[in-house]
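This briefing is for a reader who has not seen the structure before. Please look over the sequence and the model before reading the points.

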Amino acid sequence: MSVRNSTGVSIRSASKRYGDTVALDSITLDVKPGEFVSLLGPSGSGKTTLLGILGGFVTPSSGSVWSGERDITFMPPHKRDIGIVFQSYALFPHMTVAENVAFPLRARRLPKSTWAEKVAGALAMVALTGYEDRNIAALSGGQRQRVALARAMVFEPRLILMDEPLSALDKQLRESMQIELRQLHKKLGATIIYVTHDQREALTMSDRVAVLRNGRMVQIGTPSQLYDHPADSFVASFIGESTLLPVLRAGPAEVRLGNLTLRSARELPPGEKLLLALQTEKLLIDDGRGSTAGGALNRINCRVTEVVYQGESLRVFAVLDDGTAISLRQPAHHAARLQIPEVGQSMIAVLAPEDTIIVPASD
Ligand SMILES: Nc1ncnc2c1ncn2[C@@H]1O[C@H](COP(=O)(O)OP(=O)(O)OP(=O)(O)O)[C@@H](O)[C@H]1O
Ligand SMILES: [Mg+2]
């Protein structure tokens, strides 16, 4: 099973208002054929609304939707060549696995003689061969999720929309499904637009991630662009794990925060109000290493206030001399743990000049 010719999809200056609520505010997005794009944002930011406009369930108040050169803004969903996976799976509980997966073929009036082969192909894709006659009720959450995926793919749509498809699964299953979905995407070559409010999931799966906030698209980029160059403090706080500290003064190679001055090898963004995004994993406990290409490491005096064990790593909370709270992450292996001072003791955290990420404050 493969997708013959996947299609891109574009949305131009699309807005959606419900009375006084602006659910989406002039969104423009071009998704390339075969691309995996995630829509990431907090609850109420407009992710489902945007997906609905792409799928044809929601009519935009203004703006347009394009499939290649074709304006599909007002085309009903069943005429769009789109597979959809909803958050709730929306499987038919009274049908078997095979009947569920065959449903889109029936709805599209494809010849019945082709169903068995297509269903078998889709089930093989999600590793559910042999489950054809099972009832939906007799499946685990992860298996149901796979049936929903098979049903979305069975008619070989050129575009697949997914709205938080893994949110009902436990962490372990979710993480293995993330990898499976990525592999499926590569195999299928379909264009996928994927809604999530889990930044890690978005970074794991996507070619590009669009960050939404209050109906606006704040930034779109590859996972590493978002992580290394967040557009503003909202993106910086949403992606990864950062402490945001107000910048008092920033010069070409220096930032001043309170009574701390850091060397910076980063370009300064425009804006009046700037913040330093201190990512927990970029701060390290001083082990005597001197410098990087960007210059000598910044040494930050602080005092440990708490150490929290979090499995694969430990989070160390500390305060600067002026009381500003910061935190850093230390791997959980023995040698790294030995470096962590006791609570109440002083510590020197180091930060490379390349890692001084400075962002404009988002209102
Ligand atoms: N049918 C509707 N009528 C009125 N307001 C709506 C409707 N659908 C969505 N909204 C509003 O539009 C905004 C965006 O909603 P949307 O469902 O797109 O958010 P979301 O990002 O998917 O959130 P979540 O993560 O909670 O699913 C919200 O303020 C929501 O209350
Ligand atoms: Mg939603």
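The points below cover the domains, the ligand site and two individual residues.

The model is predicted. The protein is divided into two parts, domain 1 (9–228) and domain 2 (242–360). Ligand 1 has a shell of residues that includes Tyr18, Lys47 and Glu164.

**Domains**

- Domain 1 covers residues 9–228, and domain 2 covers residues 242–360.
- Between the C-alpha centres of domain 1 and domain 2 the distance is 39 Å.

**Residues around ligand 1**

- The shell consists of Tyr18, Thr21, Ala23, Pro42, Ser43, Gly44, Ser45, Gly46, Lys47, Thr48, Thr49 and Glu164.
- Sorted by class, three of the shell residues are nonpolar, seven are polar and two are charged.
- Strand β2 (21–31) and helix α1 (47–55) each contribute at least two residues to the shell.
- The element that gives the most to the shell is α1, with three residues.

- In the side chain of Ser43, an N or O atom is 2.5 Å from an oxygen atom of ligand 1.
- Thr48 has a polar side-chain atom 2.8 Å from an oxygen atom of ligand 1.
- For Thr49, the distance from a polar side-chain atom to an oxygen atom of ligand 1 is 2.5 Å.
- Ligand 1 exposes 640 Å² when taken alone, and the protein buries 58% of that area.

**Ser15**

- Ser15 is part of strand β1, which spans residues 9–18.
- Ser15 counts as buried because its relative accessibility is 6%, and the cut-off for buried is under 20%.
- From the side chain of Ser15 to the backbone nitrogen of Ser26 the distance is 2.8 Å.
- With neighbours within four places in sequence left aside, the contacts of Ser15 are Leu24, Asp25, Ser26, Pro60, Ser61 and Ser62.

**Ala336**

- Ala336 belongs to helix α9, which runs over residues 334–338.
- The relative accessibility of Ala336 is 5%, so this residue also counts as buried.
- Ala336 and Ile285 are 51 residues apart along the chain, and their C-alpha atoms are separated by 8.9 Å.
- Not counting residues up to four places away in sequence, Ala336 touches Gln330 and Pro331.

Definitions and conventions: Residues are numbered from 1 along each chain as its sequence is written. Chains are lettered from A and ligands numbered from 1 in the order in which they are written. This is a predicted model: local features need pLDDT of at least 70, side-chain atom pairs count only at pLDDT 80 or more; totals for chains, interfaces and linings use all residues. Side-chain values use heavy atoms; hydrogens and water are left out. A residue is near a molecule or strand if one of its heavy atoms lies within 4 Å of it. A polar contact is a pair of N or O atoms within 3.5 Å; within protein, one must be able to donate a hydrogen and the other to accept it, and residues adjacent in sequence count only if both atoms are side-chain atoms. Accessible areas come from the Shrake-Rupley method with a 1.4 Å probe; for residues, only the protein chains shown count as cover. Helices (H or I, at least four residues) and strands (E, at least two) are DSSP runs, numbered from the N terminus. Ala, Val, Leu, Ile, Met, Phe, Trp, Tyr, Cys and Pro count as nonpolar, Asp, Glu, Lys and Arg as charged, and the others, Gly among them, as polar. Domain bounds come from an automatic or database domain assignment. Buried means under 20% relative accessible area, exposed over 50%, partly exposed in between (1.4 Å probe, protein chains only). Contact means heavy atoms within 4.5 Å.
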